[in-house]
Amino acid sequence: MSFNSVNNVRDYPACAPYQKIPDAARITGLSQYYLRHGCKAGTIQHIRAGRVIYVFVPALYNPGPGGGDRPNS
């Protein structure tokens, strides 16, 4: 598996757009607190599998219309 360097941060692998919160935090540079609360508020696209939350990382790199924290719908 190869990783691309983007602004000194490891880019997500193309085959795995959904990442666990600790991995998404490492990849994007956002805090785990921010990601957890964004998922809870519904502002970050995610999937729950039991107790594990998988964040849709590409949406964090491409904010929706109007910019800000809203991911694409």
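Student: Which residues of helix H1 (residues 21-28) are buried?

Tutor: Ile21, Ala24, Ala25, Ile27 and Thr28 are the buried ones in H1. Look down the axis of H1 and those residues fall within an arc of 165°, so they line one face of the helix. The arc here is that of the directions from the helix axis to the C-beta atoms. "Buried" means under 20% relative accessible area, "exposed" means over 50%, and "partly exposed" is in between, with a 1.4 Å probe and protein chains only.

Some ground rules before going on. This is a predicted model, with local features needing pLDDT of at least 70 and side-chain atom pairs counting only at pLDDT 80 or more, while totals for chains, interfaces and linings use all residues. Residues are numbered from 1 along each chain as its sequence is written, and side-chain values use heavy atoms, leaving out hydrogens and water.

Now the surroundings. The chain has 3 helices and 5 strands, arranged along the sequence as β-β-β-α-α-β-β-α. These are DSSP runs numbered from the N terminus: helices are H or I with at least four residues, strands are E with at least two. Buried residues account for 26% of the 73 residues in the chain.

Back to Ile27 in helix H1. Its relative accessible area is 3%, so Ile27 counts as buried. H1 is followed by Gly29, whose phi is positive, near 85°.

Then comes the partner, helix H2 (residues 32-41). The axes of H1 and H2 come within 9 Å and cross at roughly 120°. That angle makes H1 oblique to H2. For the wording: under 35 degrees is roughly parallel, over 145 roughly antiparallel, 65 to 115 roughly perpendicular, and the rest oblique. Axes are lines fitted to C-alpha atoms, for helices over the stretch in contact, with angles from 0 to 180 degrees between N-to-C directions. H1 passes H2 in a right-handed crossing, which is to say the near helix is turned clockwise from the far one by less than a right angle, anticlockwise being left-handed.

Who touches whom? On the H1 side, Ile21, Pro22, Ala24 and Ala25 meet Gln32, Leu35 and Arg36 of H2. Contact means heavy atoms within 4.5 Å.

H2 has its own buried set: Leu35, Gly38 and Cys39. They span an arc of only 100° around the axis, which puts them on the same side of H2. Tyr33, Lys40 and Ala41 are exposed on the other side of H2. The buried residues of H2 pack against H1, strand E4 (46-49), strand E5 (52-56) and helix H3 (57-61). After H2 comes Gly42, with a positive phi near 85°.

One last stop, in strand E5: Val52. Val52 is partly exposed, at a relative accessible area of 30%. The C-alpha atoms of Val52 and Lys20, 32 residues apart along the chain, are separated by 7.1 Å. Setting aside neighbours within four places in sequence, Val52 is in contact with Lys20 and Ile47.
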